[in-house]
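Me: I'd like to learn how to read a protein model feature by feature. Can we go through one together?

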Amino acid sequence: MSTIRKVANRIAPYMKAKGFELSGKNYYYISNDIAYCLALDQPGGLIYVTAYIMPLYVPCEYRYYTYGSRLNNIHGIVLSPLHKDANPNAVDEWCEMLCRSMDQIIIPFYQQIGTPRQLVEYIEGKMGNSTFLC
C-alpha cells in the first residue's frame, strides 16, 4: 500500500468524526455553498497536504487551490512534507501532527469563513491578516 493511501486511511476516523468525506485523495465537507477541503498530494517523493476552500457558486469542472495553501506554508503549522518511504512510526506521528493542525488552525479558520460573504470579506482583507489563503 502506498504511503499516501496509508495516510488517508490513518486519518480517516478523525476526518469522518469532523464531518469530512473522502473522494480519491481529497477530504471535504460542504456547508453554505462552500466546500472545505483537504488534499493529499504526492508530486514526487514527498507527501504534501493542502487545505483549500472552493466556493460552489463558481462554475468549474475540476478542483482548484486558488483559496488555499499547503500546510507547511501556513503560519503556526509545523508539518513538513512526509517522505513516501517513511517508516510506520513516522507516518503515525505525522498523521497525529496533521490532526492537531486541523483542530488548532484549519477547522477554526474554516468556521471563520462560514458563508460566501465572509469568504469575500476575508479575501478583501476585512477579517484580519491570516496567511491561510494564497
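**Reading the model, feature by feature**

Me: Before we start, what kind of model is this, and how are residues numbered?
Reply: This is a predicted model, where local features need pLDDT of at least 70 and side-chain atom pairs count only at pLDDT 80 or more, while totals for chains, interfaces and linings use all residues. Residues are numbered from 1 along each chain as its sequence is written, and side-chain values use heavy atoms, with hydrogens and water left out.

Me: Let's take strands. Which strands does S4 pair with?
Reply: Helices (H or I, at least four residues) and strands (E, at least two) are DSSP runs, numbered from the N terminus. Two strands pair if DSSP finds at least two bridges between them. Here, S3 and S4 are antiparallel partners with eight bridges, and they make a hairpin with four residues between them. S4 also runs antiparallel to strand S5 (residues 67-70), with four bridges, and antiparallel to S6, with two bridges.

Me: Is S4 mostly covered or exposed?
Reply: Go by relative accessible area: buried is under 20%, exposed is over 50%, and partly exposed is in between (1.4 Å probe, protein chains only). S4 is mostly covered, as nine of its 10 residues are buried. Take Thr50, which sits in S4 (residues 46-55): Thr50 counts as buried because its relative accessibility is 3%.

Me: What is Thr50 in contact with, leaving aside its neighbours within four places in sequence?
Reply: Contact means heavy atoms within 4.5 Å. With those neighbours set aside, the contacts of Thr50 include Cys37, Leu38, Ala39, Tyr65 and Leu71.

Me: How many residues does the largest nonpolar core have?
Reply: In soluble globular proteins, nonpolar side chains tend to be buried together. A nonpolar core is a set of buried Ala, Val, Leu, Ile, Met, Phe, Trp, Tyr and Cys residues joined through side-chain atoms within 4.5 Å. The largest one here has 35 residues, and those with the most contacts inside it are Leu38, Leu71, Trp94, Leu98, Met102 and Tyr110. The elements giving two or more residues to this core are helix H1 (3-17), S2, S3, S4, H2 and helix H3 (116-123). H2 provides the largest share, 10 residues. Another core lies apart from it, with six residues, among them Ala39, Tyr52, Met54 and Tyr64.

Me: How many disulfides does the structure hold?
Reply: A disulfide is a covalent bond between the sulfur atoms of two cysteines. The test used is a pair of cysteine sulfur atoms within 2.5 Å. The structure holds zero disulfides. Cys95 is in none, and its nearest cysteine sulfur, that of Cys99, is 6.7 Å away. Cys95 is buried at a relative accessible area of 0%, and Cys99 also counts as buried, at 12%.

Me: How many salt bridges does a search of the whole structure find?
Reply: A salt bridge is a side-chain nitrogen of Lys or Arg within 4 Å of a carboxyl oxygen of Asp or Glu. The search finds four. In one of them, Arg10 meets Asp92, with the closest N and O atoms 3.2 Å apart. Arg10 lies in helix H1 and Asp92 in helix H2, so this pair ties together parts that are 82 residues apart in sequence. Arg10 also forms a salt bridge with Glu96 (3.4 Å, N to O), and Arg10, Asp92 and Glu96 are linked in a network. Lys18 and Asp103 make a salt bridge as well, their closest N and O atoms being 3.2 Å apart. Lys18 is in the loop between H1 and strand S1 (21-23), Asp103 is in helix H2, and they are 85 residues apart.

Me: Last one, backbone angles. What is the phi of Asn32?
Reply: Most residues other than glycine have a negative phi. Asn32 has a positive phi of about 50 degrees, although it is not a glycine. Asn32 lies in the loop between strand S2 (26-31) and strand S3 (34-41), and Asn32 is partly exposed at 45% relative accessible area. Asp33, found in the loop between S2 and S3, has a positive phi too, near 65 degrees.
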